[in-house]
Amino acid sequence: MEDAARQKEREQRYRSERDQWKKIAKRVRDFLSRRYLRGGGIEIGGLHRPLALYEGATVKYVDRLSTEEVRRFYPNVADQPQVTVDIVDDGETLGTIADGSVDFVIANHMLEHTRNPIATIETFLRVIRPGGCIFMAIPDKRYTFDRKREITPFAHLREDYRMGPEWSDRGHYEDWARNVREFPTEEATRQYIEECLAKLANIHFHVWTQAEIVEMFLNMRREFGFPIDIEAAVQNGHEVVVVLRKSGSAAPANVEADEGGEEPVPIEPELSGGRDVQEHRPQPGAR
């Protein structure tokens, strides 16, 4: 009885701490959204947790699936309010979005799912105007199910960008199978890896901590001349929130937030600030 009571107490304490961190994480995201996002932009993969936006910012939602397909693909959140998908497109290439046509791109818990992160950032820079922003929340592997995995070095990302990501797919799936899924037998592990390769299952291909995330963007600027300035890189619980500005002109004149504490434009559902859908239950094919 005493052990059960202690276990219950620990669970209650964990839930309380988790809920507190969610509230803090939401406030951090909201503050940075209010501070940096103005004009018209897009959010990739908003699902049931779109970023809250403030006066002066409008958004269209992009997903590789239609609204109806999203609900079928993510049954664990199908009963929750979700954004309506405005643009069906591949978030890594944004083929339907014209060059220099948006003021910001929001891509929370997306970059780790991309096979070619440098090319993805290049795509974001293509579609935003000079002075526009890229807003990303990226998991810090130390606080997620990726904690046993090795950090992805920039040299690896460089090869993905220069050669294409196909050369590294098997290694990523092996790493994921052995250090996240942890199957009970070697046969099951090998079978899972082959299944992932056959359908290019969407997993966390790359993992970082805060330091490597910042280093990654600095290296993109140094080595490839990407026109980016790091406006913010904030540790936010299990994630790092990064705001990049596309250099080339001054920031929009109305980027400075006033001191009035205005309320955000109500966008449902409310941000939870918690883990993304895939972090609750990693599954083959989850993005």
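Q: What does the accessible surface of the chain come to, and what share belongs to carbon and sulfur atoms?
A: This is a predicted model. The chain's accessible surface is about 14000 Å², and carbon and sulfur atoms hold 49% of that.

Q: How many helices and strands are there in the chain, and what percentage of the residues is buried?
A: The chain has 8 helices and 7 strands. Of its 287 residues, 49% are buried.

Q: How many of the contacts in the chain with a separation of 6 or more are between residues 24 or more positions apart?
A: The share is 73%.

Q: Where is Thr-189, and is Thr-189 buried or exposed?
A: Thr-189 lies in helix H6, which covers residues 186–199. Buried means under 20% relative accessible area. Thr-189 has 4% relative accessibility, so it counts as buried.

Q: Which residues is Thr-189 in contact with, leaving aside its neighbours within four places in sequence?
A: Those residues are Ala-177, Arg-178 and Phe-183. Ala-177 is also one of the buried residues of helix H5, residues 169–181.

Q: Why do residues three or four places apart in an α-helix point the same way?
A: An α-helix has 3.6 residues a turn, so residues with that spacing point the same way. In H5, the buried residues include Asp-169, His-172, Tyr-173, Trp-176 and Val-180. Asp-175 is buried in H5 too.

Q: Which helices do the buried residues of H5 pack against?
A: They pack against H6 and against helix H4, residues 154–163.

Q: What follows H5?
A: Glu-182 comes after H5, with a positive phi near 50 degrees.

Methods. Residues are numbered from 1 along each chain as its sequence is written. This is a predicted model: local features need pLDDT of at least 70, side-chain atom pairs count only at pLDDT 80 or more; totals for chains, interfaces and linings use all residues. Side-chain values use heavy atoms; hydrogens and water are left out. Helices (H or I, at least four residues) and strands (E, at least two) are DSSP runs, numbered from the N terminus. Buried means under 20% relative accessible area, exposed over 50%, partly exposed in between (1.4 Å probe, protein chains only). Contact means heavy atoms within 4.5 Å. Accessible areas come from the Shrake-Rupley method with a 1.4 Å probe; for residues, only the protein chains shown count as cover.
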